[in-house]
Amino acid sequence: MTDHEQLSALPEQGVAAERVLAEIRALRAADRPTHGGRLFAYVYDPGVAGLDELAQAAYAESAHVNGLDPTAFPSLLAMENALVGAAARLLGGGPGTSAPDVVGSVTSGGTESLILAVKAARDARPELAEPRIVVPASGHAAFAKAAHYLRVKLDPVEVDPVTLRPGPADVAAAIRPETVLVAASAPSYAHGVVDPVAEIAALAGAAGVRCHVDACFGGWTLPWLRRLGAPVPAFDFAVAGVTSISVDLHKYAYAPKGVSVLLHRNPGLRAPQYFAYADWPGYTMVNPVIASTRSGGPIAAAYATLRHLGEDGYLRLAALTRDAVAGLADAVRAVDGLRLMAEPASTVVCFTSDDPGLDLFVLVDELTARGWHTQPQLAYAGLPASVHLTVTAAVAPRVAEFGPALAEAVAAARAAGPVVLPPELLALAGSLTPEALTSELIAGLAAGLGLGAGPAPDRMAAVNTLLDAAPVPLRERLLVEFVGLLQRPTW
């Protein structure tokens, strides 16, 4: 078999099922490991035996069920309502609480949940010609994506360089008459700290503005950590001014991709989220989310996962994760030249370095070479470059191995020295505008960094160093162009 035949999705003659699966397994061999506790981003692994098989079987049972019409497939409606109820109850809503009328929708992920939260807030104020949203600079990039897609103005609030949280006074100053939504994170993805939600929600409420809490990352962990005795601040519907919350079930609920829940305090707040259309001769369309056709597979898999693990299972997994976070933080503290960006308050360990001889991007490559896959974060607005670890329950058995590996990788990074880019390249990065980038210049940059058609290079320190040196608008354009080089059709 040639490479062309192996990667052709539409061969002239159909291929046997087992051969197709073997090809997929061969392709998957190049991927980062999704299990085993060595990948600190993108995937969430509880390390629970049999859970994958259960979720896959549940997915298969409902894969061809269509969420477009809940009256045709009541099984999907029942499971979706059950997931929304579980999320609402965990996050301070439901009967017997101060938010008894919470409603919600299951979406494909946190980005869709945030886009819909912004849409609902925007469409609730149709009289505004230029609606605006106030979001901490540490808020997820999906808020900026929502603003871009929905033509809403984004008013970012910078965070304190020490606390990594927005100041309530700065949030108050950013709220205008055109503001339709104020956001807070619980916690922020980059650094894992919980914003002052109670103060922000009070400011939003006093201004008559909705307040959305992005708990996509932490909404399914903070309540369990609180039950375990952690000092988790108020962030959910127990806070009076909170009007909506998003929580991803494909993160720390450990469901397969992609399932998120968007909750609203009451049905009136959710109503503008819907899209309905009857001015055509086809079926009457009504959608609570962005997609019309939706596979029931992810919803069924999430339902099975929650039912199987239960509250006792999630509490146990939260305890394992808490202990893993503490162990990883201790490993960082034990290495000269590294420091934590913040004391871990959730499931994130984020560290940086003040040692000019230690290049964090080289360190990330050295960790990767040793089988530990972390996430580099570029410098931003006075905050230094950092390394992000998303910690899951599956990491717990690996903690003792990480400390020696980190120390060894730091020594190797110091021995290698920082990445040194040609002075003329650094000068270009500092002076070029996105508009000045030509296809020839992009091709030259990419070739010099080892980027092109096919997989990304094993070592990314040079690429990250260039991006780190570039102003934000140029970073964005370079990212688009570089990823575009990787995403080319196979003919």
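The model is predicted. The protein chain holds 17 helices and 13 strands. Its radius of gyration is 23 Å, which agrees with the value near 23 Å that a compact globule of 491 residues would have. Buried residues account for 49% of those 491 residues.

**Overall build**

- Along its principal axes, the C-alpha trace of the protein chain spans about 65 × 60 × 50 Å.
- Take the contacts between residues at least 6 apart in sequence: 72% of them join residues at least 24 apart.

**Surface and charge**

- The protein chain has an accessible surface of about 22500 Å². Carbon and sulfur atoms contribute 59% of that surface.
- Side chains in the protein chain include 35 positive and 48 negative ones. The centres of these two sets lie 4 Å apart.

**Aromatic pairs**

- The structure contains 12 aromatic pairs.
- One of them joins Trp220 and Tyr314. Their ring centres are 5.6 Å apart and their planes stand at 75°, so this pair counts as edge-to-face; the angle cut-off for that class is over 60 degrees.
- Trp220 and Tyr314 are both buried.
- Tyr252 and Tyr254 form another edge-to-face pair, because their planes are at 75° with ring centres 6.0 Å apart. Tyr252 and Tyr254 are buried as well.
- Tyr252 and Tyr254 also belong to a cluster linked by ring pairs. Tyr44, Tyr189 and Phe217 complete that cluster.

**Helix H12**

- Helix H12 (residues 360-369) is largely enclosed by the rest of the structure, because 9 of its 10 residues are buried.
- The buried residues of H12 are Leu360, Phe361, Val362, Leu363, Val364, Asp365, Glu366, Leu367 and Thr368. Asp365 and Glu366 are thus on the buried list, and Asp and Glu count as negative.
- Strands make up part of the cover over the buried residues of H12: E10 (338-340), E11 (348-353), E12 (375-377) and E13 (386-390).
- Helices H13 (399-416) and H16 (461-469) are also included in that cover.

Methods:
Residues are numbered from 1 along each chain as its sequence is written. This is a predicted model: local features need pLDDT of at least 70, side-chain atom pairs count only at pLDDT 80 or more; totals for chains, interfaces and linings use all residues. Side-chain values use heavy atoms; hydrogens and water are left out. Helices (H or I, at least four residues) and strands (E, at least two) are DSSP runs, numbered from the N terminus. The radius of gyration is taken over C-alpha atoms; the globule rule is 2.2 Å times the number of residues to the power 0.38. Buried means under 20% relative accessible area, exposed over 50%, partly exposed in between (1.4 Å probe, protein chains only). Contact means heavy atoms within 4.5 Å. Accessible areas come from the Shrake-Rupley method with a 1.4 Å probe; for residues, only the protein chains shown count as cover. The place of a charge is taken as NZ of Lys, CZ of Arg, CG of Asp or CD of Glu. Rings of Phe, Tyr and Trp (its six-membered ring) pair if their centres lie within 6.5 Å; planes under 30 degrees apart count as stacked, over 60 as edge-to-face and the rest as tilted.
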